[in-house]
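Here is a short report on one protein chain. Look over the sequence and the coordinates before reading on.

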Amino acid sequence: MGRKLDLSGLSDNEAEHVLQVVQRDMQLRKKEEQRLSELKQELDEEGSRCLLLSRRSCFNQRCCIRCCSPFTFLLNPKRQCQDCHYNVCKACRVHNKQDKAWLCSACQKTKPFR
């Protein structure tokens, strides 16, 4: 960023097209920055909520830390997330085939950023 383009060798139409492409790129970058900012805020809020819930006596032994649904032996068993080590239900987890372990939805979202 910050480099200047020398468009002197281009026709007016070509220069206009390059300008449109650069403007579109700037719009897409702003949009992506906004999306990432919202995702970071969502994950920060999720982390704060989980921290509060985990401080309650035995909460995470009985209920999913992400959605608060109760665990049941057959229908909604708990699994521990490999990264955060909280117990999560089947709706709030994915299986990481590479590591052969469970990841909660929040940890799975942050995985590409590490």
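Predicted model: local features only at pLDDT ≥ 70, side-chain atom pairs only at ≥ 80, totals over all residues.

Residues are numbered from 1 along each chain as its sequence is written, and side-chain values use heavy atoms, with hydrogens and water left out.

An unreviewed UniProt entry lists residues 22-49 as "coiled-coil region". Such annotations may be inferred rather than shown by experiment. In the model this span is 100% helix and 0% strand, and its end C-alpha atoms lie 41 Å apart. Helices (H or I, at least four residues) and strands (E, at least two) are DSSP runs, numbered from the N terminus.

**The core.** The largest nonpolar core has 17 residues. A nonpolar core is a set of buried Ala, Val, Leu, Ile, Met, Phe, Trp, Tyr and Cys residues joined through side-chain atoms within 4.5 Å. Cys64, Ile65, Val88 and Cys104 touch the most other members. The elements giving two or more residues are α1 (12-54), β4 (101-104) and α3 (105-110). Helix α1 supplies the largest share, three residues.

Contact means heavy atoms within 4.5 Å. Leaving aside neighbours within four places in sequence, Val88 contacts Cys64, Ile65 and Cys104, among others. With the same exclusion, Asn87 contacts residues including Cys64, Ile65 and Phe71. Asn87 sits in strand β2 (residues 87-88).

**The surface.** Phe73, Leu74 and Leu75 make a nonpolar patch of about 450 Å². Patches here join nonpolar side chains (Val, Leu, Ile, Met, Phe, Trp, Tyr) within 5 Å, from residues with over 30% relative accessible area and no salt bridge. A salt bridge is a side-chain nitrogen of Lys or Arg within 4 Å of a carboxyl oxygen of Asp or Glu. Areas come from the Shrake-Rupley method with a 1.4 Å probe.

**Single residues.** Buried means under 20% relative accessible area, exposed over 50%, partly exposed in between.

| Residue | Relative accessible area | Class |
|---|---|---|
| Asn87 | 9% | buried |
| Cys68 | 35% | partly exposed |
| Leu51 | 39% | partly exposed |
| His85 | 49% | partly exposed |
| Phe73 | 75% | exposed |

Phe73 lies in the loop between α2 (59-62) and β1 (79-80). Cys68 is in the loop between α2 and β1. Its phi is positive, about 70 degrees, although Cys68 is not a glycine. His85, in the loop between β1 and β2, has a positive phi near 70 degrees. Most residues other than glycine have a negative phi.

Key: Buried < 20%, exposed > 50% of the residue type's maximum accessible area, 1.4 Å probe, protein only. Patch = residues over 30% accessible without salt bridge, like charges linked within 9 Å, V, L, I, M, F, W, Y side chains within 5 Å.
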